[in-house]
Amino acid sequence: MSASVAASSSSLFLPIPPARDIPLTFTASLKSWWHAGEKQGAAAEERLLEKMPTSAAGDSPVIARTERMDLAAPKHYLNTLSIKSTNTAPNAPPPAVVLHGYGAGLGFFFRNYPALATWAGHRGTDVYALDWLGMGRSARVPFHVQAKRDDVAGRVREAEAFFVDSLEEWRDKMGLDKMTLIGHSLGAYFSVAYTLRYPTRVNKLILLSPAGVTHDPNNLTMPSRELTDTGDATSSTSIRPATSASSSAVNHIRNQQRAARRQESRTMKLITYLWEEGWSPFQLVRSSLFWGPMLVGKYSSRRFSALTEDETRDMHEYILNITLAKGSGEYCISHILAPFAHARMPLVDRISALKMPITFVYGEHDWMDPVGGLQSLQRLREAGNHFGRMLVIPSAGHHLYLENPRAVNDLLTQELDLTDKQR
């Protein structure tokens with residue numbers, strides 16, 4: 001049973017109007033575009049967080065609230081969701097911090113927060129989620145890299161610092177000594193980058209379909225599939241748990257990726273190249289003006305078809321408003337990834353410096369190549385870290401946490417509890 005969650009802020013989880021229908025006509029798209037903004041973005045986020053069980057009871061095991069955590073630089077802040085235990089245990093495990101992927105936001109994990117809240121209430125600890133600086137509903141501050149184009153290390157270092165430094169400042173302001181980081185995609189990449197800089201602040205890493213891991217020339221990662229993949233309508237009802245990433249499971253994922261690559265059209269190859277060269281799909285939506293909501297609607301209807309009709313509308317409204325916000329952190333992508341999705345400074349070459357438990361998780365139908373996870377585990381073992389493992393989520397793709405929340409939630413709870421035994 002999920003933990004009840006008391007709202008500690010009068011502005012959180014209050015009844016709000018339902019999301020607009022996904023626009024199918026120019027007129028509807030124009031109206032949606034006209035009303036988009038920070039206020040609508042906040043309302044869209046609230047709708048998703050309303051999916052958490054709420055209670056005003058004073059004996060609720062956790063209290064949830066969202067707030068802007070101001071940073072030192074003027075107008076810099078991180079949008080934060082806090083799920084805090086009302087009865088902190090003396091032997092409580094470090095809090096978990098959920099970190100979203102490229103161009104997304106903390107609202108993407110709405111199907112996972114109830115389970116995490118239950119874990120927090122049971123263990124007497126806290127769970128946090130935040131929007132990276134320049135993404136989601138955090139401050140959209142200018143993103144600049146001063147290093148020259150041929151200074152790869154300098155470009156990567158500056159791009160990573162934009163996110164890593166703000167996360168460290170957030171941690172310090174929140175008064176957290178250690179954290180378990182749960183990162184998805186590019187959020188998983190930055191989680192590792194943060195841990196390399198501040199290893200004493202990280203208890204464990206749980207990496208969901210991480211980006212930027214490998215430089216293998218046979219890498220089968222296909223970012224264009226983010227625009228073409230569809231959700232699995234049966235995934236939410238799947239009762240199959242996560243399984244260990246055996247050689248056959250990894251080969252199964254890679255064979256699917258090879259088949260998809262053979263079928264990739266010239267248009268999709270162009271999209272892949274532009275994506276990896278720093279072109280932002282969010283730029284296209286913003287520049288299309290009144291047509292933007294219709295473009296987002298086509299994406300959200302197809303990509304998140306595993307959600308209910310109401311959830312799909314809520315996700316559309318959320319994605320639309322964070323997409324139409326001023327471009328900022330999204331421009332990091334060309335500094336982190338080289339053409340064909342090879343990381344400019346692959347994590348596989350750096351991860352062996354880490355000594356804490358690290359878990360890699362991929363979806364059965366993922367477009368992120370799992371070979372990077374296997375290579376990383378090998379590097380960790382060679383360096384003496386035997387606390388790494390890799391698992392596969394059935395009936396799920398890149399957004400495994402949304403597409404098969406039952407299996408992911410069970411996995412996260414197990415991983416968070418397993419840390420004590422891994423030490």
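Visitor: Of the 423 residues of the chain, what percentage count as buried?

Guide: This is a predicted model, in which local features need pLDDT of at least 70, side-chain atom pairs count only at pLDDT 80 or more, and totals for chains, interfaces and linings use all residues. Residues are numbered from 1 along each chain as its sequence is written, and side-chain values use heavy atoms, with hydrogens and water left out. Buried means under 20% relative accessible area, exposed over 50%, and partly exposed in between (1.4 Å probe, protein chains only). Of the 423 residues, the share that count as buried is 59%.

Visitor: At what angle do helices α2 and α10 pack?

Guide: Axes are lines fitted to C-alpha atoms, for helices over the stretch in contact, and angles run from 0 to 180 degrees between N-to-C directions. The axes of α2 (residues 38-49) and α10 (residues 309-324) are 8 Å apart. Contact (heavy atoms within 4.5 Å) is made by residues including Ala44 and Leu48 of α2 and Met315 and Tyr318 of α10. The packing angle is about 145°.

Visitor: With which residue does the side chain of glutamine 375 make a polar contact?

Guide: Glutamine 375 lies in helix α12 (residues 371-382) and counts as partly exposed because its relative accessibility is 26%. A polar contact is a pair of N or O atoms within 3.5 Å; within protein, one must be able to donate a hydrogen and the other to accept it, and residues adjacent in sequence count only if both atoms are side-chain atoms. At 3.2 Å, the partner, also through its side chain, is threonine 214.

Visitor: Is serine 185 buried or exposed?

Guide: Serine 185 is found in the loop between β6 (179-184) and α5 (186-197), and has a positive phi of about 55° although it is not a glycine. Its relative accessible area is 8%, so serine 185 is buried.

Definitions and conventions:
Helices (H or I, at least four residues) and strands (E, at least two) are DSSP runs, numbered from the N terminus.
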